[in-house]
Amino acid sequence: MPPAHDIIRLERIEKRYILGGEVEVRALCGVDLVVTPGSYVAIMGPSGSGKSTMLNLIGCLDRPTAGRYFLGGVDVSRMPDDQLSEARGQRIGFIFQSYNLIAQLTVIENIQVPLLYQGKDVRAHQDQCAKLADMVGLSDRLHHRPNQLSGGQQQRVAIARALVNDPLLILADEPTGNLDSHTGQEVLELIDHLNAQGKTIVLVTHDERIATRAHRVLHMRDGLIEREVVNRNGAAGRGTTPP
Amino acid sequence: MNPLSFQFVSTVRLGMKSLMLHKLRSALTMLGIIFGVCSVIAMLAIGEGASYEAQEAIKKLGSQNIIIRSVKPAEDAKQAGVGRGSSLEYGLTYHDGARIQTTVPGVVRVLPVRIIRENVRFAQNSVACQVLGTLPFYMDIVGLEVARGRFLTETDERNHENVCVLTAGLAQRLFPYQDPLEQSIKVDAFYYRVVGLVREKNLPEHRTQAGRMEGEPLDNNLYVPLSVSRSRFGEVLIRRSASGFEAEKVELHQITVQMRDMEAVEAADPQIKTLLGRFHTKNDYETIVPLQLLRQAEQTKRIFNIVLGSIAAISLLVGGIGIMNIMLATVTERTREIGIRRALGAKRRHITMQFLVETVVLSVGGGLIGVAVGVVAPLVVAHFTTMKTIITLWSVGLAFGISGAVGIIFGLYPAKAAARLDPIEALRHE
């Protein structure tokens, strides 16, 4: 498969931090990973395993110390800050544990924020935003503020926001961490639905049960992918692989 | 609207929204700029007004004129008091006038004036006034206009006519009920026929008298032909004083030299001084050059403006520091928002713009309110005091411009600090 067709291709990615000016911490020690389009990947691991660092790198929030990272066939591992920001906005949709909506903006305005930074005319995408809000079931809450919404509703706004630029990849970091199991379930089903529609998902979680919904579960330890479990019965798997 | 300007508009709207989130804080921050801008405008308006009054008074003297006045010499004043019956002779003479006219280049006209303080009587009314003996063109040089009747004429001068012209104010005091024209009034031992009333050209009443800085009110003048003043009052004036009689011999009290233009004034001033110095052994005259006074007043005004301007600029600076302080706090407070925006694709310059726009909205908003208050404040001052205030357009522009500049200068650092934040760190911020 030509590299352009991979959503993510990590080649011997290393990340080292200098702590307190002396102690060097190796967060990632040469990770290789390929994520193909339409797949649903869960990353698990205890804290300190390099999970967060991995997520930041995949999300283009950080650059690796060594190794190369192709996002949709484009090498982003050495990109300057501005281009990296653009890649983030264009190719990645973030879903955070604590929703991370902007408090002073309404639902519809929050969904529009990523458009703004791509230099797109917000008014031309009015319909698209409304449609996304409808898809996540919030069409009657367009002009509410985040603090007027429940946690589940806020997370659904965040999902709509993640989709607005039609990204290559949805990156979800403990998306149900702050939710009760019922609303968490709803959010996960929404993510499954996105995957069923062909979106590539990378999800970071602590929860074994959530991870079972994914195609592939990567277990990380000490800055490396320790083992990988391919889960044919994953909830998302049902949509893409024949039984 | 193209996307770029739309983006700008939405950035401004976002900035306003963020500011409205903390209304009190934004208002207090603005207050610094409001006071700054307001004080710049108000101070300059008061300064401008004060110097305008002084300048107008000087301009009235005529910038093309050189005024020479007789002064009683200090050393002779004592002798006069002691020496009974001896008359003190000092001051300008007709010869001085003639010499200036003939020898100094650029002279247009030389106006001699005799000023005598006397009581003027009509019926039972007696009013203290100044009797000015002068020539018909006095009116042009000093800037008078005829209210009723006529001014003095060449014929009056030639024929030693006992006619007089009153200033409007004096006429009112002397003739509360009658028409002053063609009445006869008595000054000293002689009667004069009133032929006209004059007033100052396009100026309100009770201004200082032209030709005199510290000024009697012009309102109290009575004009007679120079020849009449000379023959009726004589050159020796005797005045009763505590120790007896005082006699003075003064030919002319004042000579106003009208020059061709302002350059001629510059050149003529030292020449006149030299000329007079040669014929006057005593220091019994002084020259007033309105043009020089005007220049001095302008110089003073410039210094005044610089001082006031710097005080006001300092208050704007303090306002700016206040803004910067608040914006730094805001950046810290909104670190997480910055992280979110960065994750959603905002470049550094987007973040810089967002915070810079907020600061500029604060400072320009404060500037606008400051301009409004600053324009009203001098009017209030002028209304409740006798001070004159003049609001100049440039001071408004200056104050507003500085407030905008303050916003950009003091907003840049916090905005840059916000943009420099590491997105990962910012997202982790609680």
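This is a predicted model: local features need pLDDT of at least 70, side-chain atom pairs count only at pLDDT 80 or more; totals for chains, interfaces and linings use all residues.
# Notebook: a look through chains A and B

I started at B:Val37. Leaving aside its neighbours within four places in sequence, B:Val37 is in contact with B:Leu316, B:Gly366, B:Gly367, B:Gly370, B:Val371, B:Gly374, B:Ala399, B:Phe400 and B:Ser403. "In contact" is used for two residues whose C-beta atoms, placed from the backbone, lie within 7 Å.

Residues are numbered from 1 along each chain as its sequence is written, while chains are lettered from A and ligands numbered from 1 in the order in which they are written.

**Cores**

Next I checked which residues touch the most other members of the largest nonpolar core. They are B:Val37 and B:Ile41, in a core of 118 residues. A nonpolar core here is a set of buried Ala, Val, Leu, Ile, Met, Phe, Trp, Tyr and Cys residues joined through C-beta atoms within 7 Å. I also wrote down the burial cut-offs: a residue is buried if 20 or more other C-beta atoms lie within 10 Å of its own, exposed if 12 or fewer, and partly exposed in between.

Helix α2 (residues 23-61) of chain B gives the most to this core, with 12 residues. Helices (H or I, at least four residues) and strands (E, at least two) are DSSP runs, numbered from the N terminus. I found a second, separate core too, with 54 residues, including B:Cys129, B:Val163, B:Val165 and B:Val198.

I looked up how chain B is divided, and got domain 1 (3-57 + 297-428) and domain 2 (72-283). Those bounds come from an automatic or database domain assignment. The C-alpha centres of the two domains lie 57 Å apart.

Then I went to strand β9 (residues 221-225) of chain B, where 5 of the 5 residues are buried. β9(B) pairs with strand β4 (residues 125-134) of chain B in the parallel sense over 5 bridges, and B:Gly133 stands opposite B:Val224. Two strands count as paired if DSSP finds at least two bridges between them. β9(B) also pairs with strand β6 (residues 163-167) of chain B, this time in the antiparallel sense over 2 bridges. There, B:Val165 stands opposite B:Tyr223.

**Chain A: two sheets**

One open sheet of chain A has 4 strands in the order β2-β1-β4-β5, with antiparallel pairing. β2 (23-35) and β5 (74-75) stand at the edges with a single partner strand each, so one side of each has no neighbour in the sheet. β4 (residues 66-71) and β5 of chain A pair over 2 antiparallel bridges, and A:Phe70 has A:Asp75 as its bridge partner.

The other open sheet I traced has 6 strands in the order β6-β7-β8-β3-β9-β10, with mixed pairing. Its edges are β6 (92-95) and β10 (224-230) of chain A, each with a single partner strand, so one side of each is left without a neighbour in the sheet.

I followed some of the pairs in this sheet. β6(A) and β7(A) run parallel, joined by 4 bridges, and A:Ile92 stands opposite A:Leu169. β7(A) and β8(A) are also parallel, over 5 bridges, with A:Ile170 opposite A:Ile201. β3 (residues 40-44) and β8 (residues 200-204) of chain A run parallel with 4 bridges.

Why is β7(A) largely enclosed by the rest of the structure? Because 5 of its 5 residues are buried. A:Leu169, A:Leu171 and A:Asp173 point one way, and A:Ile170 and A:Ala172 the other.

A:Val157 sits in helix α5 (residues 151-163) of chain A. Is A:Val157 buried or exposed? A:Val157 is buried, with 25 other C-beta atoms within 10 Å. A:Val107 is 50 residues away from A:Val157 in sequence, but 6.6 Å away in space, C-alpha to C-alpha.

**Where the chains meet**

Last entry: the contact takes 20 residues from chain B and 23 residues from chain A. α1(B) gives the most to chain B's side, with 7 residues.
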